[in-house]
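We will then walk through it together, one topic at a time.

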Amino acid sequence: MNAAIEIRPQPGSQERFLASTADIAFYGGEAGSGKSGGLVLEALRNHDVRGFGAIIFRRTSPELFGPGSLWELMTEWYPLLGGRLTQNPCRCIFPSGASVWLDHLQLDRDKLKHQGKGYALIGFDELPHFLKTQFWYLYSRNRSVSGVRAYIRATMNPDPDSWVKDMIAWYLDERGEYVRPERSGVIRYFYRVDDDLVWGDSPEELRARYPLRVDPPTSFTFILGYLSDNKILLEKDPGYRQKLLDMPKVERERLLGSGKGGNWRIRPAAGLYFQRSWFRLIQAAPTDFVAVVRAWDKAASQVTVERPDPDWTRGVKMGVTRAGRFVVLHVESLRGSPHQVDRAMQNIASQDGKACKVCIWQDPGQAGVVDVTHTKSVLVGYRVESVVARHDKLTYAGPFSTQVEAGNVDVLCGPWNEAFFAELEGFPDLAHDDIVDACSRAFQALHNSAVLAYQSAMNAIAAEMQS
């Protein structure tokens, strides 16, 4: 006989989310607190109610699928209760006739696909990714003839620039940073008056203020989620919290928030990614480098009357030692014509030697291909490695920032130090970030080399032990 399988929310914030009676409930806080799983469980609640229909959205279609996704959780849990899943359209139909759908709202106009439809439950996974217009249009599709009262559920991580922050402002502290724990789960009420939401602590309060309104006000709450409540994740992946702690400060505060449930105020700002006190200055370069690279961020611009402060071409030389310490060895800076930049790169490559790999960014598109081909022809005889820059500068700077904050990066003393520290400390607020871009590229290349060196060392130790 097969053992019974229990499907239920985990005690703590996920359970409080599913227990809420509010018309609209938001569930936000620390990464890994079981928010997406909570949505999938909520949609399962009324699987035995004929005519019940639920839909859960992610902003883009690829986000619906893959490991740990909404679709994976549905395929794991829903068949246990007789659900039949199809991927095109993406839905599950239960023996009662109840249905749960998955869909995306990548473009604002995608909301119009739901015109004329009605869903007893509408869920949004990572609500700050959606447009305000999308949320409120789908709110008009939140209706039910199944006997289940129509309601909305949404999950989120903090985003200081999202329209969502305005809706949860009452739940935040005076600085708008962290959710007040004592307000988590408190139900409030609102009417929309003209184009604004008017809030009250009770239905009676709002009805007294607006006696001509016939319908009851909408109830709303925010549930604060903690990673510590997700016992299943922490048992299966005990290192996950450390992964969040290893994130750069801005992302770490948003996803973990010093144990306070995520920071809704923090933004990228000068001094948050790099501080000179995090580096260790050294007088002489180590002799046990595993790899050394020179990474370039090219500009090829001259100072003119029209452009008195163009971007710099920067070349950052960086190495990684056997002990895994990263060392910034030199920064070359120039402003000049494309020919002058080519000549400088040739001269620097000659000085660095052929053992020093040259790393560059490649812009997306054909122009980037042409530039990389040209650079390789200029530096013929040297190892040149290019990587297509598909993400923003903050994303690429993050891993290097994490190592700097951890104290794992040294800087060799030199006349270029002040410009180096000034730009990194000012990132991302300063007009120029050429040194940061070059550092990000150098670190990216060296990290791969360090991993390979570590694996090689471990293989050598294992082979020696076997012999």
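Predicted model: local features only at pLDDT ≥ 70, side-chain atom pairs only at ≥ 80, totals over all residues.

Residues are numbered from 1 along each chain as its sequence is written, and side-chain values use heavy atoms, with hydrogens and water left out.

Let us begin with empty space. Rolling a probe the size of a water molecule over the atoms shows where such space is left. About 940 Å³ lies in the largest pocket. A pocket here is an open set of points on a 1 Å grid over the protein atoms alone, where a 1.4 Å probe fits, with protein on both sides within 12 Å along at least five of seven lines; lining residues have an atom within 4 Å of a point. Grid points are joined across faces, edges and corners, and the volume is the space filled by probe spheres set on the points. The largest pocket has 34 lining residues, and Gly34, Gly37, Gly68, Leu73 and Asn230 lie nearest its centre. Helix 2 (35–44), helix 3 (70–77) and helix 7 (231–236) are the elements that give two or more residues to this lining. Helix 3 provides the largest share, five residues. Helices (H or I, at least four residues) and strands (E, at least two) are DSSP runs, numbered from the N terminus.

Buried means under 20% relative accessible area, exposed over 50%, and partly exposed in between (1.4 Å probe, protein chains only).

Now to the aromatic rings. A pair of aromatic rings is described by the distance of the centres and the angle of the planes. There are 28 aromatic pairs in the structure. Rings of Phe, Tyr and Trp (its six-membered ring) pair if their centres lie within 6.5 Å; planes under 30 degrees apart count as stacked, over 60 as edge-to-face and the rest as tilted. One of the pairs is Phe135 with Trp136, edge-to-face at 5.0 Å centre to centre and 85 degrees between the planes. Phe135 and Trp136 are both buried. Trp199 and Phe220 are also edge-to-face, at 5.4 Å centre to centre with 70 degrees between the planes. Because Trp199 lies in strand 9 (residues 196–200) and Phe220 in strand 10 (residues 218–225), this pair ties together parts that are 21 residues apart in sequence. Phe220 counts as buried because its relative accessibility is 0%.

Arg141 lies over the face of Tyr137, at 5.6 Å from the ring centre, and Arg441 over the face of Trp361, at 5.8 Å from the ring centre. The rule is that NZ of Lys or CZ of Arg is within 6 Å of the ring centre and within 35 degrees of the ring normal.

Two single residues come next. Leaving out residues up to four places away in sequence, Lys317 touches residues including Val292, Arg294, Val328, His330 and Asp352. Leu379 sits in the loop between helix 11 (366–378) and strand 16 (384–388). With a relative accessible area of 1%, Leu379 is buried. Beyond its neighbours within four places in sequence, Leu379 is in contact with Met345, Gln346, Ala349, Val358 and Val384.

Finally, follow the backbone. Most residues other than glycine have a negative phi, and most peptide bonds are trans. A cis peptide bond joins Asn88 and Pro89, with omega about 5 degrees, and Pro89 is in the loop between strand 3 (84–87) and strand 4 (90–93). Another cis peptide bond joins Phe427 and Pro428; Pro428 is in the loop between helix 13 and helix 14. Glu126, although not a glycine, has a positive phi of about 65 degrees, and Glu126 is buried, with a relative accessible area of 12%. Asp194 has a positive phi of about 60 degrees, but Asp194 is exposed, with a relative accessible area of 77%.

Methods. Contact = heavy atoms within 4.5 Å.
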